[in-house]
Amino acid sequence: MDRREVVVPAGDMDRQRDYTQRLAALFQQLGHPPLAMVDTYGCQQNVADSQRIMGMLQEMGCGFTQDAGRADVIVINTCAIRENAEKKVFGVVGQLVHAKEKNPGLTICLCGCMAQQEAVAEKIKASYRHVDLVFGPQALWKFPELLYEVCSGRDRVFSIRNEHGTIAEGMPVVRESAVKAWVSIMYGCNNFCSYCIVPYVRGRERSREPERILAEIRELVESGFKEITLLGQNVNSYGKDLDCPMDFADLLREIDRIPGDYLIRFMTSHPKDAGEKLFDAMAACDHVAKQLHLPVQSGNSRVLKAMNRGYTREQYLEKVRYARSVMPELVLTSDIIIGFPGETEEEAMDTVALIQEVRYDALFTFIYSPRPGTPAAKLPDPASRAEKQVWFDRLLDAQNSISAGLHRAYVGKTVRVLVDGGSGDKTWPLSSRTAGGRLVHLKGDHGLIGSYAEARIVDSNTWALFGEAR
């Protein structure tokens, strides 16, 4: 895509700031300090999007609440990856009719990937008439203008036009943590995995200019943030659309030159674009965590081809072998889909065999959920839901055993952790993470929150470690 069509002009962003000020003036007429509620579902990119929505709302003069009964504006930021997520959102939105009845001036907004789907927008338009504003990810930067249309005229607004997607710089952001931050380095996806709706709702891949990314990270480090996660639907595709020659490995090396005591993580990596140059950069960069989330999805090459993943089982395993050869301490996690249309029991067990060979530290596992509009949704699917559940349970049993064993190996060791908050547990009052992203329930003083600490690991289970701050 032509970069001139991708980057939102500064004048258009100025217009949004003008709408923000108009809304601030409108909200002052409420007779009380305006409150907004932002409810987020789905991936880390949605969390980052919500933080920008909160930034815009804050500039409109809004404070924040999680009580729908007190809110003047409610924004539901949705996910379209799985059917259960959509059902949950419809349930939540349906319940908001009661809040609207009690407060007719309440403005209810639905946004995110689910909102971008035409069928969802039509369902909201016809059956959820208490929802005032619906907009997709591509229109997020226009939120002030869209909200002003609703608040000034009380007409319902739907902005789900099928667009290639843009990059809007300079949006305000409310970071809910002073320790960890999300930084989006690119948006959209060009991969079109046959089961995935994301390319259809988030548009084509587009990379932010490296200077913008580096400036944002430098500011975060100078402000004291200790952990920064780079986001993109496929971070390994970063830079392919830039005029300057820079790929993701190059970007990591540039970020690593920023001085300070901080850690860089990233997600998500697509295996077809992850190679030796990336793994070498990770190994060489002091600030980059030796942690890799590399979604394999299936351990069977036929299924991978049907998924349109772009690699075979053996190619994936070779990448893992090389990554571990240059980073022996690497913590490796992945995503798995069980029960893809047409998958047999033998093919599902190939996936179980793969995880036993790789020995992931942890997995994010799912039973296949058909997404209308994707090629996989049209495929014959003879296996029953009960059969898929049996395969899924075998996968979980195998991975839980692996995770428990890997976690037991930490017991007796002292590891550096970032203490990122309180846990609410009297025995283990602190929550922390190792450089490899392993959760550590920690004994120690709350004064450690926001800093690195040395933790002696005294116990473990399948999902976490338990330690004492030293």
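Predicted model: local features only at pLDDT ≥ 70, side-chain atom pairs only at ≥ 80, totals over all residues.
**Entry 1: α10 against α11**

I began with helix α10, residues 248-256, and looked up how it sits against α11. Their axes come within 8 Å and cross at roughly 10°. Angles under 35 degrees count as roughly parallel, so I noted α10 and α11 as roughly parallel to each other. Next I listed who makes the contact. From α10 I have Phe248, Ala249, Asp250, Leu252, Arg253 and Asp256. From α11 come Lys277, Leu278, Asp280, Ala281, Met282 and Ala284. Sorted by class, the contact of α10 with α11 has seven nonpolar and five charged residues, and no polar ones.

**Entry 2: α11 against α13**

I stayed with α11, which spans residues 276-284, and turned to helix α13, residues 313-326. Here the axes come within 9 Å and cross at roughly 25°. That angle makes α11 roughly parallel to α13. I also checked the hand: the crossing of α11 and α13 is right-handed. On the α11 side, the contact is made by Glu276, Phe279, Asp280 and Ala283. On the α13 side I wrote down Lys319, Tyr322, Ala323 and Val326. My tally by class for α11 with α13 reads five nonpolar, no polar and three charged.

**Entry 3: α14 against α15**

How do α14 and helix α15 (residues 385-408) cross? Their axes come within 10 Å, at roughly 5°, and α14 and α15 are therefore roughly parallel to each other. In α14 I found Glu345, Ala348, Met349, Thr351, Val352, Ile355 and Gln356 at the contact. They meet Trp391, Arg394, Leu395, Ala398, Gln399 and Ile402 in α15. The class count for α14 with α15 is eight nonpolar, three polar and two charged residues.

I then moved to the loop between β12 (291-293) and α12 (301-306), where Ser298 is found. Is Ser298 buried or exposed? At 1% relative accessibility, Ser298 counts as buried. A polar atom of the Ser298 side chain lies 3.1 Å from the backbone nitrogen of Asn300. Leaving out residues up to four places away in sequence, I see Ser298 touching Val303, Leu304, Met307, Glu343 and Thr351. Thr351 was already in my notes, as one of the α14 residues that meet α15.

Gln297 is found in this loop between β12 and α12 as well. Gln297 counts as buried because its relative accessibility is 8%. I looked up its backbone too: phi of Gln297 is near 70°, a positive value in a residue other than glycine. I flagged it because most residues other than glycine have a negative phi.

Where is Arg359? It is in the loop between α14 (345-358) and β14 (362-367). Phi of Arg359 is near 60°, again a positive value in a residue other than glycine. Arg359 counts as partly exposed, with 38% relative accessibility.

Which peptide bond did I mark as cis? The bond from Met267 to Thr268 is cis, with omega near 5°. I made a note of it because most peptide bonds are trans.

Gln51 is found in helix α3, residues 44-59. Gln51 is buried, with a relative accessible area of 5%. Apart from residues up to four places away in sequence, Gln51 touches Pro172, Val173, Val174, Arg175, Glu176 and Trp182.

Glu86 has its place in helix α4, residues 83-102. With a relative accessible area of 13%, Glu86 is buried. Setting aside its neighbours within four places in sequence, I listed Cys79, Ala80, Met114, Gln117, Val120 and Arg371 as contacts of Glu86. I also looked up how Glu86 sits relative to Ser460, 374 residues apart along the chain. The C-alpha atoms of Glu86 and Ser460 are separated by 35 Å.

Note on methods. Residues numbered from 1 in each chain as written. Heavy atoms only, no water. Axes fitted to C-alpha atoms, helices over the stretch in contact; angles between N-to-C directions. Helix = DSSP H or I, 4+ residues; strand = E, 2+ residues; numbered from the N terminus. Parallel < 35°, antiparallel > 145°, perpendicular 65-115°, else oblique. Left-handed = near helix turned anticlockwise from the far one by under 90°. Contact = heavy atoms within 4.5 Å. Nonpolar A, V, L, I, M, F, W, Y, C, P; charged D, E, K, R; others polar. Buried < 20%, exposed > 50% of the residue type's maximum accessible area, 1.4 Å probe, protein only. Polar contact = N/O pair within 3.5 Å; in protein donor to acceptor, adjacent residues only side chain to side chain.
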